[in-house]
Amino acid sequence: MEIKHNLIHRVAVAVAVVVGWALVAGRSLGRDPTVVRSALLGKPAPSFRLPGLDGGQVDSAALRGDVVVVNFWASWCVPCAEEAPELEAFSRRMRDRGVQLVGIVYNDDRDAAAKFRDRFELTFAQATDPGGRAAIDFGVFGVPETYVISRDGIVMAKLLGAVDAATLERVVSSIEAGDTVSTSNDRY
C-alpha cells in the first residue's frame with residue numbers, strides 16, 4: 001500500500017511539473033524572444049554624455065529628434081560579433097531616415113573595442129562607458145542589449161541578444177507608425 005502511495009505521489013509531482021512548465025512555455029509562444037519588457041518602457045530614456053571611442057563625446061541630447069537605437073556591446077561577446085554586420089547594415093540603411101545607431105562599449109578594454117569596431121568596419125557612433133553608469137541607467141543585464149528610443153526621447157523597445165537588421169527595421173517602423181508602449185505590452 002505504501003509503495004502504491006509513493007508511486008501515486010511521484011506521478012502527481014511529475015504531472016504538476018510538466019503542467020507548470022507547459023503553462024510557462026505556452027505563455028511565450030508567438031512572442032519574439034529577443035524583445036522583452038523593461039522598466040524604462042514608455043519612460044524618458046536616460047541621458048548620457050560619454051567619451052567617444054576615438055575621442056570627442058557622444059551626447060544623447062544631440063540625437064534628440066531622431067529615432068535612436070542604443071546597442072550595448074563588448075569585443076569579448078560572441079553574439080555581439082554575430083550582430084555587428086547586421087547593425088552596420090541597419091545603420092547604413094536607416095541613417096538617412098533620421099534613425100541614429102549608437103554603440104556603447106560595455107565592460108571592455110578601449111583597444112580591444114577599437115579593434116572589434118575596425119574588424120567589422122562599424123561606422124556608427126561608438127562610445128565608452130567609464131564606470132558603467134550608462135549601463136546601470138539603462139538597466140543592462142548583459143550584452144548585447146539594444147534599446148529603441150522614439151523621436152521624443154521615450155524608450156519604446158528593449159531587445160536582448162543578437163539582433164538582425166530586419167528585426168530592428170520592423171521595430172523602428174512600428175514605432176514610427178505610432179504604436180504605443182505600456183508595461184502590459186508583451187511585444188516591447
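**Exercise 1. Which residue in β5 does Val-68 stand opposite?**

This is a predicted model, where local features need pLDDT of at least 70, side-chain atom pairs count only at pLDDT 80 or more, and totals for chains, interfaces and linings use all residues. Residues are numbered from 1 along each chain as its sequence is written, and side-chain values use heavy atoms, leaving out hydrogens and water.

Step 1: Helices (H or I, at least four residues) and strands (E, at least two) are DSSP runs, numbered from the N terminus.

Step 2: look at the pairing, which takes at least two DSSP bridges between two strands. β4 and β5 run parallel, with seven bridges.

Step 3: find Val-68; across from it in β5 sits Gln-100.

**Exercise 2. Work out how β4 is enclosed.**

Step 1: check burial (buried means under 20% relative accessible area, exposed over 50%, partly exposed in between; 1.4 Å probe, protein chains only). Seven of the seven residues of β4 are buried, so the strand is largely enclosed by the rest of the structure.

Step 2: sort the side chains. In a regular strand they alternate between the two faces of the sheet. Here Val-67, Val-69, Asn-71 and Trp-73 point one way, while Val-68, Val-70 and Phe-72 point the other way.
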